[in-house]
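The sequence and structure are shown first.

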Amino acid sequence: MSFNAQLADLFERMAKLLEVTGANAFRVNAYQRGARRLRELSEELEPIADDPKQLTATEGIGKGLAEKIAEFHRTGRVEELEALRAAVPDGVAAMMDIPGVGPKTVATLWKQGGITSIDQLKQTIADGSLEDLPRLGKKTLEKIGKSIAYAESAGQRARLGDALPLAVRIVEELAALNCTKRVDYAGSLRRGCETIGDIDILAACEDPQALAKHFTGMSLVDEVLLSGKTKTSIRTDTGMQVDLRIVREDRYGAALMYFTGSKEHNVVMRQRAIDRDLRLNEYGLWKAEDAERMDEAKPVAADTEKVIYRKLGLSHIGPELREDRGEVAAAADDELPEPLTIDHIQCELHAHTTTSDGSLSIEELAAEAKRRGFHTVAVTDHSAGQVQANGLDAQRLKRHAARIRQINGKLDDITVLAGTEVDILADGSLDYEDDLLAELDVVVASPHSALSQNSAKATERLVRAIENPYVHIIGHPTGRLIGRREGLSPDMGAVIAAAAEHGAALELNANPWRLDLRDLHLRAAVEAGCMIAINTDAHGPADFDLLGYGLLTARRGWVEPKHVVNCLSTKALAKWLQSKRQGDQ
DNA sequence: GCCGTTTTCGGCCCGACTGTTTTCAGTCG
């Protein structure tokens with residue numbers, strides 16, 4: 001784990017323990033913010049760990065955190081954290097993770113109830129001996145018990161690819177009602193986050209009661225969690241929590257902005273409003289004096305997000321950018337990245353056919369790509385190392401390439417490239433000889449095995465593949481599977497620097513299990529001058545639809561059309577593929 | 001603990017919902 005990541009974990013732990021012990025909430029928040037900053041930092045703090053001046057130049061790190069960083073660097077530990085650990089049993093801190101249980105409840109359970117673990121809490125709820133504690137009545141305990149049971153059975157965040165189709169289905173069903181004026185999904189889903197805690201749906205409606213009733217009566221509803229005048233929550237049969245909020249139509253934009261978040265983005269926006277003697281909340285942007293009487297007053301702006309941003313002196317910030325990663329400053333200077341849309345994507349450079357583990361023939365793949373409006377599709381079947389995927393040995397690859405070229409000669413309006421997705425072996429060598437790779441139009445090199453090797457080895461491995469003169473694209477560079485497998489954790493700065501130097505593109509694999517590279521690494525890559533390849537890794541016709549997940553992730557990574565090889569014209573793409581070859585001759 | 005064209009103190013986003021109270025504390029987003 002990197003120095004920054006270790007510190008981020010440490011600060012998060014501090015925050016949690018401080019919260020349980022009833023520390024000042026703003027102090028807790030400072031540690032949380034510090035941890036978050038550390039995770040987003042692209043440069044390592046270790047070299048400057050003993051220089052408070054340089055450390056405090058980072059936003060969110062002041063004198064206190066700088067001292068902790070120096071202490072950790074010097075001694076490998078932080079005294080205050082050790083003291084907190086000694087004072088608070090592990091099980092007590094763990095109770096904070098139960099939904100509906102916050103610091104106050106944990107403190108009551110621990111100090112007054114003697115509960116020091118989730119297991120003990122579960123038992124005590126079952127035998128009913130807890131009900132004498134203040135503010136812990138029968139219903140509350142019942143709810144906590146349910147939360148524990150649910151967390152034990154599921155608990156994990158949903159992948160974007162599972163949550164988005166579900167949200168679209170719910171939005172479409174609610175939109176079909178006569179009384180519905182507007183309805184959208186908001187929250188982390190609208191921001192295109194790779195995993196989603198719960199789905200937020202926002203609606204404006206002439207008959208809120210009817211809408212809420214329809215919502216709780218949908219066939220996918222397993223349990224109604226709460227239902228108020230403006231907020232209703234359900235759990236679906238797949239275990240996903242869905243919140244519906246109903247707002248006035250003329251306040252819709254303010255609500256959409258508010259519920260899209262992120263929380264951190266909202267904080268910056270609210271502060272920006274205050275700096276201009278305005279107030280921003282979920283009901284609109286107000287003059288400061290009107291914020292107290294929103295019922296009678298007229299908002300400065302409320303019906304669309306765009307107007308609210310404009311009234312705050314900002315160009316419209318796309319939902320994927322709203323993470324407090326510098327987007328507000330960029331919008332103020334009119335320097336936001338150009339939004340990458342599906343119309344910019346003109347080719348697919350990573351696809352499989354029946355020759356390895358795909359479901360389409362070469363002709364069918366070409367036809368599907370053409371139907372999607374692409375000028376080029378690359379056939380990149382697996383190399384021999386992928387035995388389970390029917391990977392090709394050298395002889396089969398030669399015959400396959402010849403057949404691809406033969407078919408390409410007969411097709412109009414679509415170019416089919418002869419390529420491969422060659423394995424990057426554990427030591428960074430490739431699964432084919434260089435002279436065979438040199439015969440192909442496009443080479444995608446990907447790690448598929450030895451995905452738990454250490455960081456140093458992974459870095460060396462990927463850099464070596466990047467240095468190979470015949471490699472155009474590094475496919476799904478870390479090999480992670482979201483929520484299932486962590487994949488490689490190389491020194492991404494070194495990998496990116498190598499890719500920039502050698503002109504290899506890094507892939508953003510659009511499959512929602514992968515989304516690899518992830519958003520923050522993409523941003524570091526384009527800032528370093530790397531090209532990005534956004535591919536669906538199609539194994540069948542429907543996989544081309546996965547491109548949408550790639551676009552969301554790319555926008556989160558501040559990737560613009562000019563950074564993406566799939567946005568190149570036929571001619572420019574041919575030139576790019578060639579340049580790699582010529583540059584090394 | 002962080003931060004500063006109201007800078008070394010005094011703020012730090014704020015409203016909905018629930019359950020336990022009987023006017024509000026705790027949690028969540």
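## Basis of the description

Helices and strands are DSSP runs numbered from the N terminus, a helix (H) having at least four residues and a strand (E) at least two. By this numbering, leucine 515 has its place in the loop between E15 and H22. The model is a predicted one.

## Surface near DNA strand B

DNA strand B is surrounded by 38 residues, of which Gly62, Gly100, Thr105, Arg135 and Gly137 are the closest. Of the atoms of DNA strand B that come within 4 Å of the protein, 73% belong to sugar and phosphate. The residues of this surface comprise 13 nonpolar, 12 polar and 13 charged. At least two residues each are supplied by helix H2 (25–40), helix H4 (63–75), helix H7 (103–112), helix H9 (138–153), strand E5 (221–227) and helix H14 (263–275). The greatest contribution is that of H2, with four residues.

A polar side-chain atom of arginine 27 is 3.2 Å from a sugar or linking oxygen of DNA strand B. The backbone of leucine 65 places a polar atom 3.1 Å from a phosphate oxygen of DNA strand B. For arginine 270, a polar side-chain atom lies 2.7 Å from a base oxygen of DNA strand B.

## Helix H18

Helix H18 covers residues 394–410, and its 17 residues should span 24 Å at 1.5 Å a residue; the C-alpha atoms at its ends are 25 Å apart, which agrees. At the start of H18, the backbone nitrogen of glutamine 395 has a side-chain oxygen of aspartate 393 within 3.2 Å.

Leu397, His400, Ala401, Ile404 and Ile407 are the buried residues of H18. Viewed down the axis of the helix, these buried residues fall within an arc of 130°, so they line one face of H18. They pack against helix H17 (362–371), strand E11 (376–382), strand E12 (415–423) and helix H19 (434–437). Arg399, Gly409 and Lys410, on the other side of H18, are exposed.

Helix H22 consists of residues 519–527, and Asp519, Leu522, Arg523, Ala525 and Val526 are buried in it. These residues cover an arc of only 160° around the axis, which puts them on the same side of H22. Their cover includes helix H21 (492–502), strand E15 (505–509), strand E16 (532–535) and helix H23 (547–556). Glycine 529, which follows H22, has a positive phi near 90°.

The loop between E15 and H22 holds both leucine 515 and leucine 517. Leucine 515 is a residue other than glycine with a positive phi, near 40°. Because its relative accessibility is 0%, leucine 515 counts as buried. The peptide bond that joins aspartate 516 to leucine 517 is cis, with omega near 10°.

## Further backbone features

Most residues other than glycine have a negative phi, and most peptide bonds are trans. A cis peptide bond also leads from glycine 261 to serine 262, with omega near -5°. Serine 262 belongs to the loop between helix H13 (252–260) and H14.

Tryptophan 558, although not a glycine, has a positive phi of about 60°. This residue is in the loop between H23 and helix H24 (570–583). With a relative accessible area of 13%, tryptophan 558 is buried, the limit for that class being under 20%.

## Isoleucine 48

Isoleucine 48 is in the loop between H2 and helix H3 (52–55). Its relative accessible area is 19%, so isoleucine 48 is buried. Not counting residues up to four places away in sequence, isoleucine 48 touches Gln54 and Leu55.

Isoleucine 48 and histidine 382 are separated by 334 residues in sequence, and their C-alpha atoms are 44 Å apart in space.

Methods
Residues are numbered from 1 along each chain as its sequence is written. Chains are lettered from A and ligands numbered from 1 in the order in which they are written. This is a predicted model: local features need pLDDT of at least 70, side-chain atom pairs count only at pLDDT 80 or more; totals for chains, interfaces and linings use all residues. Side-chain values use heavy atoms; hydrogens and water are left out. The expected span of a helix is 1.5 Å times one less than its number of residues. Buried means under 20% relative accessible area, exposed over 50%, partly exposed in between (1.4 Å probe, protein chains only). The arc is that of the directions from the helix axis to the C-beta atoms. Contact means heavy atoms within 4.5 Å. A polar contact is a pair of N or O atoms within 3.5 Å; within protein, one must be able to donate a hydrogen and the other to accept it, and residues adjacent in sequence count only if both atoms are side-chain atoms. A residue is near a molecule or strand if one of its heavy atoms lies within 4 Å of it. Ala, Val, Leu, Ile, Met, Phe, Trp, Tyr, Cys and Pro count as nonpolar, Asp, Glu, Lys and Arg as charged, and the others, Gly among them, as polar.
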